[in-house]
Amino acid sequence: MLKSFFSFLLLSVLLISCVKKESKFTSAPKGASHPNLILTSKSVSEIKSKLGSIPLFDQTLAITKEEVDLEISKGISVPIPKDMAGGYTHTQHKLNYIIMQKAGVLFQLLGDEKYAIFIKEMLFEYAKIFPKLPLHPQTRSYSRGKLFWQCLNDSNWLVYTSQAYDCIYSWLSKEQSDYLNKTLFRPYADFLSIENPQYFNRVHNHSTWGNVAVGMIGLVMNDDELVHRALYGLDKVNVDLTAKDNDGGFIFDKNGKAGFFANLDSPFSPDGYYTEGPYYQRYAIYPFLIFAEALQNNKPELKIFEYKNGVLIKAVHALLNLTDDDGEFFPLNDGQKGMSYYTPSLVSAVNIAYYYGTQNPELLSIAKKQNQVQLDATGLAIAISLKENKEEKFIKKSIELSDGSLGDEGGISILRHQKLNETMTLVYKYTAQGLSHGHYDKLSFSMYENGDEVIQDYGFSRFVNIEQKNGGGYLNENKTFAKQTIAHNTIVQNETSHFNSDFETGSKNHSEKYLFDISNPNFQITSAKEKNAYPGTEIHRTMIMVKDTTLTNPFIIDIARVSSSKKNNYDLPFYYLGQLISTNFNYETPENLSILGKKNGYQHLWKEAFGNANSDNIQFTWLHKKRFYTLTSSTKTDDEIILARIGANDPNFNLRKDPMLLIRKRNIQNAVFATIIESHGNYDPVTEKAENLYNHFKSIKVLVNDENYTAIEIIDNNNKSKILILANNESSSYKNHSIKINNKNYTFKGSYNYN
């Protein structure tokens, strides 16, 4: 600890001394004033005046200086491109743009000319090779890049490098900047846009990066045509509206929308939810916000942070709410587990949202955890506010985030209950398709306790930037398993995925919100319907988080109701994590494993054990992260119970070998899956002591299920019962209801009654 402190102190002294040696930095303005993107002349002056007195900013600057100095000492490497993600050339070009951007900041803030020289020399190396570069030799992408295998990564390069170029633009001679503009930057912008309309002119996170890349370099070069192209897309393009990208998504927006504004309008809901899901919202939030900051500095008349009722600031708050207790994003749709708000893009996002938003002090507590800032005016504001102890805890509450550009295409519900350091979180998904990164998982859910997954969403099948695994790209198993309905905790009909895994059909439909009510923190309820996943079938799922005063922990009630025009087979999987402890049903474990099915993801599931319910309830207890959980579900005696495990037909071991409990109802037209999930005890491996080993509830029974009402009875181990009644077609909180159950009349107001 002392060593780290003295290292930081030494670096701080070096920084201050660098500031005093500014005589080498002379400005030679050419046209627009520089820097003018993220740093500005005004912000640079303000930052310099405070260096050495704002701890978090100084710490970040010192660490950045150490990192950049080390890379400069290694010399410049600009290899001819040949590798996929994770390979040497890909990694080196990525490192180059990151270090150039940071070197540009150091040049502006410290005035040491070595950083400008480093950027200039590297840019001239790129200018030498770019005019002769063919398309990248890897042919996998629908839009092959130059330096990278796809234009997306080339756009990353240009977004970051534009910032570096901006920082040395006035330092370069006019001949040098003219050369770079003509030889490297204008051709690169044209390549990403005019030469790749199938990449540039779409609504997708890919195109957001492309739009921003062209717009950022346009602002640096004072090229209004490029900026207009970035904001509004290419003016006229002959397009094939049926063309698809590598992920199976449509390349072109059916309404012809394109450009930065189109990518603000369509994917974001009014609540700031990004339809592709949290992982790609995290990825896209950097270009969205960094370009917004550049536009605010250059074209304040656009009022970009007010656009769509301030959707960019809302998007940051939405992202932070789409994380667990540890700050990790819920892996909805394509998403990598473990990605969190500690990623650099969220450091930037939090800083920008604080500065250009309402200076919400809760954002400061996130920034404090991140322990670094963006080296500009926004990061300075964060660091000063933290020094002044203005932060307040960011409290994640239960929330609903709508999906769709108008907020009318379903959404995400997050139910939370917190007491002291104990939290339970339920994530319920009833969204639109989610563009090409969407999964076929209408009305799916996942459950967390204290930041740990209890019932998981699988996420994607991909090893990002690991060259040995398909060059770091998406694996075939992402399509054959991870996107399929059976990979999620939701109902599957006749072993077929929602919309028959057809992207075009899925893109035309979305689930419908039915109810979201968190007015009572001890009884939080969310409900949605899906009417299009299977023709002739409606699925209505209601999920409730209940905190009973007699119980230590909240519990979940899950009512999944299926009604169809014909008889079907229905499967409901629960992807629990942990070790099976006990069941109240008998099962067989075969000597030789068989697969659960032949297609639609079933081919990747081993059938490890199977049996029949043989009663009106099953109970399944497991241990995970030293905690006990029990699932109690209403069944019929002939319902099949299957214990399965992911990993079949996976010769390259691309899938995790996670377990799953599946309840199967065969040859039935209408069905109700009524389930309780409870957390009820813990195990200490040091004392070898188990507490509350047994669950609290004895049974859950379906009493009524018709077009108008579903009623269930929950009985605990003391034979105390409660009745839950759901109105199936009237979600109004003002409607009066009356129903007779077992010769007893129940009357209530609103869409549900629990008593």
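Which residues in helix 3 meet G379, L380, A383, L386 and K387 in helix 16? In this predicted model, the residues on the helix 3 side are P55, L56 and F57. Helix 3 spans residues 55–73, and its axis passes 7 Å from that of helix 16, at an angle of about 130 degrees. The two helices are therefore oblique to each other. Sorted by class, the residues of this contact come out as six nonpolar, one polar and one charged.

Let us stay with helix 16 and turn to another of its partners, helix 14. Two packed helices are described by the angle between their axes and the distance between the axes. For helix 14 and helix 16, the angle is about 80 degrees and the axes are 8 Å apart. An angle from 65 to 115 degrees counts as roughly perpendicular, and the pair is therefore described in that way. On the helix 14 side, the contact is made by V350, N351, I352, Y354, Y355 and Y356. Helix 16 contributes A377, T378, G379, A381, I382 and S385. This contact has eight nonpolar and four polar residues, with no charged ones. If you compare the residue lists, you will find G379 of helix 16 both in the contact with helix 14 and in the contact with helix 3.

Helix 14 deserves a look of its own. It runs through residues 344–356, 13 residues in total, and its first and last C-alpha atoms are 18 Å apart, close to the 18 Å expected at 1.5 Å a residue. How many of its 13 residues are buried? Ten are, which leaves helix 14 mostly covered. The buried stretch consists of S345, L346, V347, S348, A349, V350, N351, I352, A353 and Y354. An α-helix has 3.6 residues a turn, so residues three or four places apart point the same way. The cover over the buried residues of helix 14 comes from several elements, including helix 12 (278–298), helix 13 (307–321), helix 15 (361–370) and helix 16 (377–387). Of the residues that helix 14 uses to meet helix 16, V350, N351, I352 and Y354 are among those listed for that contact, and these four are also buried.

Next come two loop residues. S143 sits in the loop between helix 5 (113–129) and helix 6 (151–168). Is S143 buried or exposed? It counts as buried, because its relative accessibility is 1%, and the cut-off for buried is under 20%. Leaving aside residues up to four places away in sequence, S143 touches W149, Q150, C151, N196, Q198 and Y199.

A648 is buried, with a relative accessible area of 0%. Its contacts, again apart from residues up to four places away in sequence, are I595, Q603, H604, L605 and W606. For a sense of scale, A648 and I723 are 75 residues apart in sequence, and their C-alpha atoms are 42 Å apart in space.

Finally, consider the charged pairs. Side chains of opposite charge can pair when their charged atoms come close. A search of the whole structure turns up 30 salt bridges. One of them joins K74 to E71, with the closest N and O atoms 3.3 Å apart. In this pair, K74 is exposed, with a relative accessible area of 56%, whereas E71 counts as buried at 16%.

Another salt bridge links D441 and K429, where the closest N and O atoms are 2.5 Å apart. D441 lies in the loop between strand 3 (422–430) and strand 4 (444–449), while K429 is in strand 3, so the pair ties together parts that are twelve residues apart in sequence. Both partners are buried: D441 has a relative accessibility of 1%, and K429 has 2%.

R666 and E640 form a further salt bridge, and here the closest N and O atoms are 2.3 Å apart. R666 lies in strand 18 and E640 in strand 17, so this pair connects parts that are 26 residues apart in sequence. R666 is partly exposed, with a relative accessible area of 46%, whereas E640 is buried, at 17%. Elsewhere, salt bridges that share partners bring R186, D190, D223, E225 and R229 together in one network.

Notes. Residues are numbered from 1 along each chain as its sequence is written. This is a predicted model: local features need pLDDT of at least 70, side-chain atom pairs count only at pLDDT 80 or more; totals for chains, interfaces and linings use all residues. Side-chain values use heavy atoms; hydrogens and water are left out. Buried means under 20% relative accessible area, exposed over 50%, partly exposed in between (1.4 Å probe, protein chains only). Contact means heavy atoms within 4.5 Å. The expected span of a helix is 1.5 Å times one less than its number of residues. A salt bridge is a side-chain nitrogen of Lys or Arg within 4 Å of a carboxyl oxygen of Asp or Glu. Axes are lines fitted to C-alpha atoms, for helices over the stretch in contact, and angles run from 0 to 180 degrees between N-to-C directions. Angles under 35 degrees count as roughly parallel, over 145 as roughly antiparallel, 65 to 115 as roughly perpendicular and the rest as oblique. Ala, Val, Leu, Ile, Met, Phe, Trp, Tyr, Cys and Pro count as nonpolar, Asp, Glu, Lys and Arg as charged, and the others, Gly among them, as polar.
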